[in-house]
Amino acid sequence: MVKVVLLNGVGSVGKSSIARALQNIVAQPFLHFEMDAFLDMMPERYLQHPDGLSFEKIIENGSVSTFAKTGSVAERVLSGMRHSAAAMALSGNNLIIDDVLYGNTDQGSRNAVLEYRNLLQPFNFLMIGVFASLKTLEKRELQRQDREVGLARWQFNRVHEGMVYDLTVDTDATSPHECAEIIKTRFDL
């Protein structure tokens, strides 16, 4: 049976690193499906555009947070990603999906989780929560230089709220390779 592993977590938590490590150690081939790759498909003019993807800095609990807003174009792209994942799985491909879904705080993300669950119901669909401390996330965010500063802070209390996972891993205490080993062993991949 086709297996689909969805890694959900704050940006800079290590989802992509875990996905690549997992690809290298599992018995069967798994395709790495990245949210960032789909967002990069949008025309550049839709970055910082209300219909595309825009970022707004806010003060939250005395610190700067950056809220990512998705407009109608970005929402279609992300829905297309979920439908593309289902099409790839239907074609017999195992997948590792790297996404940022918000828990109970965002209606759109709740709908995205339901859409994933409905589309991927025929497959062995596993949701993995990827965690790290805010201190670690903010440090990684600064080191990467390809992320909006404050995005990790805004996502931190929202991404996992109310989510139901088949497994959680913590990248503060565990390397991407070790997280991949845990996932592989737990689900016999």
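Author: Helices here are DSSP runs of H or I with at least four residues, strands are DSSP runs of E with at least two, and both are numbered from the N terminus. The protein chain has seven helices and seven strands, and along the sequence they follow the pattern β-α-β-α-β-β-α-β-α-β-α-α-β-α. This is a predicted model, in which local features need pLDDT of at least 70 and side-chain atom pairs count only at pLDDT 80 or more, while totals for chains, interfaces and linings use all residues. Residues are numbered from 1 along each chain as its sequence is written, and side-chain values use heavy atoms, with hydrogens and water left out.

Reader: Thanks! Where is Ser12 found, and is Ser12 buried or exposed?

Author: Ser12 is found in the loop between strand 1 (3-8) and helix 1 (15-25). Buried means under 20% relative accessible area, exposed means over 50%, and partly exposed is in between (1.4 Å probe, protein chains only). Ser12 has 8%, so Ser12 is buried. Over the protein chain, buried residues make up 48% of the 189 residues.

Reader: What makes the phi of Ser12 worth a remark?

Author: Its value is near 75°, which is positive in a residue other than glycine. Most residues other than glycine have a negative phi. Asp188 also has a positive phi, near 50°. Asp188 lies in the segment after helix 7 (176-187) and, with a relative accessible area of 66%, is exposed.

Reader: Why is the pair of Phe33 and Phe38 called what it is?

Author: Rings of Phe, Tyr and Trp (its six-membered ring) pair if their centres lie within 6.5 Å; planes under 30 degrees apart count as stacked, over 60 as edge-to-face and the rest as tilted. By this rule there are four aromatic pairs. For Phe33 and Phe38 the centres are 5.2 Å apart, so the rings pair, and the planes are at 40°, so the pair is tilted. Phe33 is buried at 9%, and Phe38 is buried at 12%.

Reader: How do you know what kind of pair Phe67 and Trp154 form, and which parts does the pair tie together?

Author: The centres are 4.6 Å apart and the planes at 55°, so this aromatic pair falls in the tilted class. Phe67 lies in strand 4 (residues 63-70) and Trp154 in helix 6 (residues 151-156), so the pair ties together parts that are 87 residues apart in sequence. Phe67 is partly exposed at 26%, whereas Trp154 counts as buried at 9%.

Reader: How do you know where the charged end of Arg82 sits?

Author: A charge sits over a ring if NZ of Lys or CZ of Arg is within 6 Å of the ring centre and within 35 degrees of the ring normal. The charged end of Arg82 is 6.0 Å from the centre of the Tyr116 ring, and it sits over that ring.

Reader: What makes Glu148 and Lys57 a salt bridge?

Author: A salt bridge is a side-chain nitrogen of Lys or Arg within 4 Å of a carboxyl oxygen of Asp or Glu. The closest N and O atoms of Glu148 and Lys57 are 3.9 Å apart, so the pair qualifies. Glu148 lies in the loop between helix 5 (134-144) and helix 6, and Lys57 in strand 3 (residues 53-60), so parts 91 residues apart in sequence are tied together. Glu148 is partly exposed at 32%, and Lys57 counts as partly exposed at 48%.

Reader: How many salt bridges does the structure hold?

Author: The structure holds five salt bridges. One of them joins Glu60 and Arg158, with the closest N and O atoms 2.6 Å apart. Glu60 lies in strand 3 and Arg158 in the loop between helix 6 and strand 7 (167-170), so this pair ties together parts that are 98 residues apart in sequence. Arg158 is buried, at 17%. The side chains of Glu138 and Arg153 also meet in a salt bridge, at 2.9 Å from N to O. Glu138 lies in helix 5 and Arg153 in helix 6, so this pair ties together parts that are 15 residues apart in sequence.

Reader: How do you know what a compact globule would have as its radius of gyration?

Author: The radius of gyration is taken over C-alpha atoms, and the globule rule is 2.2 Å times the number of residues to the power 0.38. With 189 residues that gives near 16 Å, and the protein chain has 16 Å, so the two agree. The C-alpha atoms fill a box of roughly 45 × 35 × 30 Å along the principal axes.
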